[in-house]
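Here are a few exercises to work through with the model open on your screen. Try each one yourself before you read its solution.

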Amino acid sequence: MFQSMLGALSADLAIDLGSASTRIFAVGRGLVVDVPTRVAILEERDGRRRLLAVGAEARQMEGRNPADVRVLQPVQEGAIIDFEVVEVMLRHLMLQVQGRRLWVGPRVAIAVPHALTDVERRAVRESAEASGAREVHLVEQPLAAAIGAGLPVDEACGQLVLDVGAGHTSVSVLSLGGIVFSRRLRVGGDHLDEALVNHLREHHGLLIPMAAAEDVRRAIGSVMPGGSNPTAWVRGRHLDSGYPRAMELDANEVRIALQEPIQQLAEAVLHTLERTPPDLAADVAETGVVLTGGVASLSGLDRAVSRMAGLPVIVAEDPQLAVVRGAAEWVGRAGSRKRAAG
Ligand SMILES: Nc1ncnc2c1ncn2[C@@H]1O[C@H](COP(=O)(O)OP(=O)(O)OP(=O)(O)O)[C@@H](O)[C@H]1O
Ligand SMILES: [Mg+2]
């Protein structure tokens, strides 16, 4: 009773700390924050650090910052590398969501990478508590992704989730509400963009920024040969002359540039199946692979993984939101567990 009164005073929140984006979902309101995971800090002469900006504003400063301003990316390749900065960011964003500090803090679920150490789990928990949460629940990202994708995770049936984000991919087998096996790969959207940058440098002597590679990948990127072959212009610096140069790139060439990292994703699915107990592997052969994460929207990725791994593949609805939606459901369940327990 008291718990539900507290719940009515402040909405439950779910947070996905991604390498590229931090998202907050307020139960009953929906997605309330979706910002780049970036924090800009001013380093004072006396060594103190002052918060300048969070999210898009901080991202804008990247590469344009004076010497005393640092733009930090506290989550990299799916791992939290700076807990202090995460705390500053969470405090700022939670305050923004609530408008002001409430006397009853929200109940918060945070989606964290699989296999954090106890010390790291404590650090995340303390960051959220210091940011005003009254109750903190940690849920592992692969489990949150599966719940957010609508999979019946509590059933005694193996499910395979391939979450392809910006900084990393996780391939996980789940059953009975838990993670049976999960593997992290250093392949994500950032690595696809890097592959495209390297391809253009090697084959055309053109150096383009990562952000331009991401734009072109999202505009015309496809990993399966198809009927139409759309094109896009990219601008960069010609390495021989040093002058700015633009060139028109077609989807076939993008596909060739992305071949190797895409192959790694399919191989990771196969390796995971090899290490999965036979009964669960047999379930997965039937249920197939569920794709989540932003890169799941890359055209043809589902068909490419399906062909290479020999399994059916489906893409979750709004795949980049699967983790935060799943974490929101998790925090709701935590509430009902508590009420049921009395
Ligand atoms: N429509 C789209 N087509 C292709 N790629 C996309 C699309 N939408 C998003 N992406 C890519 O998805 C990636 C971001 O995915 P996501 O938001 O799941 O990452 P993240 O959770 O921040 O990172 P991580 O899970 O690695 O910590 C970026 O590389 C982005 O370019
Ligand atoms: Mg993610």
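Two strands pair if DSSP finds at least two bridges between them. Strands (E, at least two residues) and helices (H or I, at least four) are DSSP runs, numbered from the N terminus. This is a predicted model, where local features need pLDDT of at least 70 and side-chain atom pairs count only at pLDDT 80 or more, while totals for chains, interfaces and linings use all residues. Residues are numbered from 1 along each chain as its sequence is written, chains are lettered from A and ligands numbered from 1 in the order in which they are written, and side-chain values use heavy atoms, with hydrogens and water left out.

**Exercise 1. Find the bridge partner of leucine 42 in strand 5, then work out the sheet around it.**

Step 1: Go to strand 5 (residues 49-54) and strand 4 (residues 39-43), which run antiparallel and are joined by five bridges. The partner of leucine 42 is arginine 50.

Step 2: Now check strand 6, which is antiparallel to strand 4 and joined to it by four bridges. Here valine 39 has leucine 72 as its bridge partner.

**Exercise 2. Describe how helix 6 and helix 8 cross, and list what they touch with.**

Step 1: Take the axes of helix 6 (residues 189-204) and helix 8 (residues 251-274): they come within 9 Å and cross at roughly 125°. Axes are lines fitted to C-alpha atoms, for helices over the stretch in contact, and angles run from 0 to 180 degrees between N-to-C directions.

Step 2: Classify the angle. Under 35 degrees is roughly parallel, over 145 roughly antiparallel, 65 to 115 roughly perpendicular and the rest oblique, so this pair is oblique.

Step 3: Collect the contact (heavy atoms within 4.5 Å). Helix 6 brings Leu192, Ala195, Leu196, His199 and His204, and helix 8 brings Glu253, Val254, Ile256, Ala257, Leu258, Pro261 and Ile262.

**Exercise 3. How many residues of domain 3 and domain 4 are in contact?**

Step 1: Read off the contact: 17 residues of domain 3 meet 14 of domain 4.
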